[in-house]
Amino acid sequence: MMAGRKRKVQDLAMAAATHTESGLLFRRNQTEQNCSVELTSQSVLCESVQSVEPERSHYFNYNEPQHRLGLDFFSQPCITLAKAFLGKVLVRRRADGSELRGRIVETEAYLGGEDKASHSAGGKRTERNTAMFMKPGTIYVYPIYGIYLCMNVSSEGEGAAVLLRSLEPLQGQPMMRELRAARRKEGARQLKDKELCNGPSKLCQALNIPRCFDRRDLASDPEVWLEDDQNTSPPKPQDIVSAPRVGIESHGVWAKKPWRFYLRGHPCVSVVNKEAERQSLSGNVTDSVDP
């Protein structure tokens, strides 16, 4: 009897072990199958993501812009650079690879230390205006009224920089419109194309130029750069209007300096000055630095 009981106990133990091992094997097989399915799903997802190419401009090779303007372009005296900007194309590459583009149609020159209307007047260097003292082509982004931004580019000359005032939208207008609408009142009318970038703060909104772009190099930055317009000829001297700068009336004689430059008759110019246009045609405008 004792031997029979012992065999029965052993048989029950072996059966339990066999059942446990079968269960473990079943669960292991299920786990392996699940992992296989998960890995397959991930592979399909990766292939799907890779097959969806972001919108890429036909203007240049995706890895490096073909027509990017370099340090040699930005290394010009401030007034000369402000005029040279006209007709050039500002490009903003977004995180998804899509591009926003606008042709520069209006600029302002700020000559640095001697220019009483400049942020660097008197050679004063601060944490805010450091970019103005960096090498030509450095981006200077500063806030106004606490909520808006303006984009400038440093030139030759201690503390000298050019303010980008207006652009003509060329590519990505739907996205520009969305970016502008995000800062406008709900229910506001839809903006026309010519209204998207016709002001220094508007162009920063439309091209999503953030505060952190301050002190970046426009000649080498992967997210924003300047290039020649391959579709139009450079503006001729008679196409460029020299007018007083805008919004600096409190700076006396410096407010009258004709250091705002824009393309004559262009619909995207922020402020048209008829008197300045007549003087520009007559050749009575001077770019002298002397007050």
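These legends describe close-up views of a predicted model. Local features are given at pLDDT of at least 70, side-chain atom pairs count only at pLDDT 80 or more, and totals for chains, interfaces and linings use all residues. Residues are numbered from 1 along each chain as its sequence is written, and side-chain values use heavy atoms, with hydrogens and water left out.

**View 1**
The structure holds five aromatic pairs. Rings of Phe, Tyr and Trp (its six-membered ring) count as a pair if their centres lie within 6.5 Å; planes under 30 degrees apart are stacked, over 60 edge-to-face, and the rest tilted. Helices (H or I, at least four residues) and strands (E, at least two) are DSSP runs, numbered from the N terminus.

Buried means under 20% relative accessible area, exposed over 50%, and partly exposed in between (1.4 Å probe, protein chains only).

**View 2. Phe 74 and Phe 85 form a tilted pair.**
Their centres are 6.3 Å apart, and the planes make an angle of 50 degrees. This pair also links distant parts of the chain: Phe 74 is in helix H2, Phe 85 is in the loop between H3 and E1, and they are 11 residues apart. Phe 74 is buried, at 0% relative accessible area. Ring pairs join Phe 73, Phe 74 and Phe 85 into a cluster.

**View 3. Arg 245 lies over the face of Tyr 110.**
The distance to the ring centre is 4.5 Å. A charge sits over a ring if NZ of Lys or CZ of Arg is within 6 Å of the ring centre and within 35 degrees of the ring normal.

**View 4. Asn 208 and Arg 215 have positive phi values.**
Which loop holds Asn 208? Asn 208 is in the loop between helix H5 (200-206) and strand E6 (224-227). Its phi is about 55 degrees, although Asn 208 is not a glycine. Asn 208 is partly exposed, at 31% relative accessibility.

Arg 215 is found in the loop between H5 and E6. Phi of Arg 215 is near 75 degrees, and this residue is not a glycine either. Arg 215 is partly exposed, at 33% relative accessibility.
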